[in-house]
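Keep the sequence and the structure open while you read.

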Amino acid sequence: MTAADLVPVVTIDGPSGTGKGTLAVLLAARLGWQCLDSGALYRVLGLAAARRGIDLDDAPALAALAGNLGVSFVGGRVLLDGADLGDAIRTETAGMAASRVAVHPGVRAALLEWQRRQACPPGLVADGRDMGTVVFPRAGLKVFLDASAQVRAERRYKQLREKGLDANLPALVEEIAERDARDRNRAVAPLRAAADAVMVDSTALSINDVFDLVVEEVRRVFPDQVHEVAAE
Ligand code: C5P
């Protein structure tokens with residue numbers, strides 16, 4: 001048993017563009033829990049490696065960097081060595097670099113304990129690819145969120161455009177497919193649903209529908225944690 005097992009944890013895993021991040025933030029706010037965006041860790045590592053001129057195939061150098069990553073999350077911002085990374089972390093280039101550094105077992109091992117330490121009272125909502133399978137295998141509630149590849153690419157396109165970032169839909173469809181294939185087929189902690197995960201397909205659902213559905217699950221698993229919010 002680890003310290004993480006003593007704190008209620010909800011894991012949200014799935015491929016990119018399913019709305020995991022938005023759902024995790026909304027759910028954590030609703031519950032008053034901490035939120036772990038584990039993808040951001042891999043994105044920061046990819047960016048930090050590029051800035052230091054480390055090759056994304058150089059497993060030992062990347063593992064060493066991961067073990068010493070000066071990353072912090074302040075509000076909605078992600079800082080590297082105290083400097084705000086801004087929107088650089090949300091670009092598809094950062095996502096692609098993240099998925100390349102994430103294949104190395106030494107990198108994943110170096111980031112494991114840091115992630116587990118985020119499980120602090122009163123609870124944690126953690127989103128990623130291996131939250132329910134590897135990082136928090138004893139989480140009380142595991143959600144696996146999926147959606148069709150076309151809908152995921154369209155959502156990512158809209159998200160990037162809303163941030164004023166460059167986006168091209170056909171290129172995104174290809175990039176998402178490439179990233180999914182790498183995430184699903186890597187040897188260590190591949191993207192897959194935990195055997196005890198609740199499966200949610202968000203292809204035809206709005207984020208509000210998904211949120212309501214998952215809050216119902218949280219209510220079932222952690223009945224004392226969901227407090228009714230008075231209607232306005
Ligand atoms: O979720 P996000 O798109 O930010 O993740 C970026 C990449 O980081 C993913 O494509 C995946 O390769 C990697 N990742 C991972 N394990 C996690 C979270 C993200 O391998 N728990």
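Strand β7 (residues 141–146) is mostly covered, with five of its six residues buried. Buried means under 20% relative accessible area, exposed over 50%, and partly exposed in between, with a 1.4 Å probe and protein chains only. Helices (H or I, at least four residues) and strands (E, at least two) are DSSP runs numbered from the N terminus. The model is predicted, so local features need pLDDT of at least 70 and side-chain atom pairs count only at pLDDT 80 or more, while totals for chains, interfaces and linings use all residues. Residues are numbered from 1 along each chain as its sequence is written, and side-chain values use heavy atoms, with hydrogens and water left out.

**Partners of β7**
- Strand β1 (residues 9–13) pairs with β7 in the parallel sense over four bridges. Two strands pair if DSSP finds at least two bridges between them.
- V10 has L141 in β7 as its bridge partner.
- Strand β8 (residues 198–201) also pairs with β7, in the parallel sense and over four bridges.
- V143 stands opposite V198 in β8.

**The three-stranded sheet**
- An open sheet has the strand order β3-β4-β5, with antiparallel pairing.
- The edges are β3 (71–74) and β5 (83–84); each has a single partner strand, so one side of each lacks a neighbour in the sheet.
- Strand β4 (residues 77–80) runs antiparallel to β5, and two bridges join them.
- L79 stands opposite D84 in β5.
- Helix α2 lies across β3 and β4, at about 130 degrees to β3. Axes are lines fitted to C-alpha atoms, for helices over the stretch in contact, and angles run from 0 to 180 degrees between N-to-C directions.

**Helix α4**
- Helix α4 (residues 92–101) is mostly covered: eight of its ten residues are buried.
- Among the buried residues of α4 are E92, M96, S99 and V101.
- The buried residues of α4 pack against α2, α3 (59–66), α5, α7 (149–162) and α8 (169–185). Contact means heavy atoms within 4.5 Å.

**α2 on α5**
- Helix α2 (residues 38–52) packs on helix α5 (residues 105–116) at an angle of about 135 degrees, with the axes 11 Å apart.
- That makes α2 oblique to α5. Angles under 35 degrees count as roughly parallel, over 145 as roughly antiparallel, 65 to 115 as roughly perpendicular and the rest as oblique.
- S38, L41, Y42 and L45 in α2 meet V107, R108, L111, W114 and Q115 in α5.
- The residues of this contact divide into six nonpolar, two polar and one charged. Ala, Val, Leu, Ile, Met, Phe, Trp, Tyr, Cys and Pro count as nonpolar, Asp, Glu, Lys and Arg as charged, and the others, Gly among them, as polar.

**α3 on α5**
- The axes of α3 and α5 are 8 Å apart, at an angle of about 10 degrees.
- These helices are therefore roughly parallel to each other.
- L62, A63 and A66 in α3 meet G106, V107, A110 and L111 in α5.
- By class, the contact of α3 with α5 has six nonpolar, one polar and no charged residues.

**α1 on α9**
- Helix α1 (residues 20–31) packs on helix α9 (residues 207–221) at about 50 degrees, with axes 10 Å apart.
- That makes α1 oblique to α9.
- Residues of α1 including L23, L26 and R30 meet residues of α9 including F211, V214 and V218.
- This contact of α1 with α9 divides into ten nonpolar residues, one polar and one charged.
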